[in-house]
Amino acid sequence: MIYVKLIGQIILISLFIYYVSGKLMGSQINFMKRVLSVFISLVFTLFVYWYAYLQSVDVFSENFAYSFMDVSTIIWIGSMLLISMLLYLFFELFSPMDSGERKESGIKPRPFLLRIRNQWRGQKRMRQVIQIAVKNGISRAMKYSRYRNNDHEMAIAFRNTLEQAGGIFIKFGQVLSTRRDLFSPVFIKELEKLQQNVEPLKESEVKSILEKSLPYKMEDMFSYFDMIPVASASIGQVHKAILKDNNQQVVVKLLRPDVKSMIRDDLNILLEFVRWLTDKSSWAARLGLCELALGFAQNLKEEVNFEIEKRNVLQIKKALEESKYEVKIPHVYAELSNDCIIVFEHAYGQSVGNGDSLFQSLNIDREQFARTVLYSFFDQILKAGIFHADPHPGNIFIDKADGTPILLDFGAVGRLAEPQQEGMKIFLMGIQHNDADMLYDAITLLVEDHEHIDRVKMEQALSQILLRISYVEQIPTEELIQAFFKVVRDFGLSFYPSVGIALRSIVTLEGTLHLVQPNFDIFTEAKEYSSHYLSSLFKKPFRDPGATKERLEEEFALMIPALRKIPRRVDKLVQKVESGKIILHHDIFSDKNNAEFVTNLFSRFILLLVGITFGIISSSLLAIAQFIDAVYAVYLNAAAFVGLFLCAVLLVRLSIQAIRLMKRR
């Protein structure tokens with residue numbers, strides 16, 4: 001019984017040390033390092049405590065069990081706490097990458113119990129993924145990547161790891177293959193090799209999904225339902241059917257039943273794997289791989305909710321009502337659709353990928369067809385701000401009745417905020433006018449964190465691109481966009497995700513339109529569209545003077561309160577000028593980053609001074625106590641040891657923060 005009590009007290013002390021050491025070292029510290037530090041400090045100090053004190057005491061006596069918490073035990077606990085912090089500092093010093101402060105990388109820490117549960121559920125899968133990564137040499141590639149002139153070995157290891165892990169890992173790699181602004185061409189080439197083969201659902205599974213998802217019985221809604229899918233993908237599959245009410249042919253898109261469970265399980269494993277990779281590699285941290293994984297997770301969660309796709313269809317359809325470039329978007333039966341099933345009007349047409357016979361039979365002007373699709377796409381990007389993000393040949397059809405373009409599959413949709421729309425407009429105008437200054441202004445609206453850009457150097461780089469495309473009748477759009485991606489990457493920038501999606505979509509669309517008209521030049525057509533767009537902006541006030549007058553009245557009404565204050569402000573300004581009270585100054589603290597940097601630096605400097613002060617005062621008290629032969633000398637010794645302990649805690653904490661900061665740099 002006494003033995004059990006002693007074990008229980010030691011366990012309680014260990015938990016206390018674990019908790020307090022975490023609080024003293026700061027939040028977001030590595031779990032495994034923390035446990036290992038506490039365990040080693042417990043073993044070491046327990047051995048010393050036993051050798052120095054316990055071996056001369058009967059530890060199994062009942063009196064000892066009750067007098068366990070005496071002065072020597074307090075000294076033991078304090079020593080254990082200090083040693084555990086020093087051990088953590090040692091582990092932090094020799095770790096290849098900061099594994100603690102994940103908050104700054106965009107991944108919020110999860111509650112302890114939830115983290116333990118998820119780790120328990122995904123432990124086997126995570127172990128499997130890491131074994132695959134190590135087997136493919138990804139650790140070795142990261143270790144020696146700094147000594148190589150290219151990333152070829154790292155790219156192969158990364159692609160093989162994602163491919164062999166399968167499932168969501170492959171889809172994540174496919175998404176990364178579109179981020180040309182972040183990854184070098186070597187990586188893009190390898191990631192583009194990722195393919196995912198998905199078996200279609202069985203007939204029994206299809207029936208089960210329909211029974212659970214449809215508002216009525218299947219036989220009451222469809223007079224015909226083809227169990228063989230038209231298309232099958234990792235998220236869902238598509239079937240042909242005929243509605244019983246109106247005898248209309250429709251297509252029914254079903255969500256695969258295992259998708260949500262796969263997302264719940266494998267998505268967490270992917271995020272953990274990316275965290276592990278970021279911990280091990282400054283390359284992954286520099287690319288912001290954690291942020292990319294989080295964005296992928298968010299987009300995937302939206303993609304598996306067909307309510308969002310239904311809304312996307314309605315939004316784009318509404319946005320294109322005023323466009324003069326006619327494209328058809330199939331009607332969606334909202335009353336029959338939900339988050340697991342979506343019912344579309346059947347598109348009577350043929351894919352542009354194999355539509356040569358239809359182009360000939362309907363005598364369709366291929367160039368005009370391609371121009372209509374392209375200009376409609378530009379209208380979506382520049383005017384509506386919401387656009388089809390996956391315009392591959394399978395998603396663009398030719399209407400069998402009149403040859404009108406049909407857009408299909410709105411699971412992937414991009415959205416550009418107003419500043420990014422403006423940036424895309426200026427971008428097109430800059431290319432049209434061969435103006436590097438305009439292109440720079442456009443890029444500042446299209447990239448994140450652009451404050452540190454050297455304008456002169458970037459304009460020089462953009463001028464080089466413009467010189468390459470000058471006096472040339474045709475240039476591949478992918479080559480042009482790749483050049484802009486390279487400039488952005490070379491300056492340590494990255495496009496907003498929505499902008500990257502838009503540029504990637506343009507490249508995809510170019511490949512699709514080349515199937516329609518092999519010599520179709522998007523670059524030239526973009527210049528032509530930009531010219532028409534600017535002309536329409538200039539003519540709009542004259543074409544619709546009534547609407548222009550109303551808009552001017554609204555703007556003027558908003559300006560009136562500010563205009564009324566101008567005379568008083570001008571008068572006050574003149575008075576200050578006359579009295580010589582105008583003072584111009586620049587405040588470095590007006591910049592948030594500067595203020596935050598100085599505040600952090602000052603706070604750490606204060607902590608350092610406090611720690612040194614504790615150390616000096618405590619050492620002095622300890623020295624003085626040695627020459628005092630009085631009862632109160634023991635209190636001086638106690639105060640001195642407490643001060644030295646606090647000094648050590650502060651210095652260890654500052655050292656850990658300094659190491660993390662250096663590794664992030």
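Patches are built from residues with over 30% relative accessible area and no salt bridge, with like charges joined within 9 Å and nonpolar side chains (Val, Leu, Ile, Met, Phe, Trp, Tyr) within 5 Å. A salt bridge here is a side-chain nitrogen of Lys or Arg within 4 Å of a carboxyl oxygen of Asp or Glu. This is a predicted model, in which local features need pLDDT of at least 70 and side-chain atom pairs count only at pLDDT 80 or more, while totals for chains, interfaces and linings use all residues. Residues are numbered from 1 along each chain as its sequence is written, and side-chain values use heavy atoms, with hydrogens and water left out.

**View 1. A nonpolar surface patch involving α25 and α26.** Phe602, Phe605, Ile606, Leu608, Leu609, Val610, Ile612, Phe614, Ile616, Val642, Leu646 and Leu651 make a nonpolar patch of about 980 Å² (Shrake-Rupley method, 1.4 Å probe; for residues, only the protein chains shown count as cover). Two or more residues each come from α25 (592-625) and α26 (633-664), and α25 gives the largest share, with nine. Helices (H or I, at least four residues) and strands (E, at least two) are DSSP runs numbered from the N terminus. Look for Ile612 in α25: Ile612 is partly exposed at 38% relative accessibility (buried is under 20%, exposed over 50%, partly exposed in between; 1.4 Å probe, protein chains only).

View 2. The 19 residues of α17 (366-384) reach 26 Å from first C-alpha to last, close to the 27 Å expected at 1.5 Å a residue (1.5 Å times one less than the number of residues). Since 14 of those 19 residues are buried, α17 is largely enclosed by the rest of the structure. At the start of α17, a side-chain oxygen of Asp365 comes within 3.1 Å of the backbone nitrogen of Glu367. Just after the helix, Gly385 has a positive phi of about 85 degrees.

**View 3. Positive phi at two loop residues.** Asn363 sits in the loop between α16 (356-361) and α17; its phi is near 55 degrees, and Asn363 is exposed at 68% relative accessible area. Asp409, in the loop between β9 (405-407) and β10 (413-415), has a phi near 60 degrees and is partly exposed at 33%.

**View 4. Strands β4 and β5 side by side.** Strand β4 (249-255) pairs with β5 in the antiparallel sense over five bridges (pairing takes at least two DSSP bridges). Leu254 stands opposite Ile341 in β5. Four of the five residues of β5 (341-345) are buried, so this strand is largely enclosed by the rest of the structure.

Note on methods: Polar contact = N/O pair within 3.5 Å; in protein donor to acceptor, adjacent residues only side chain to side chain.
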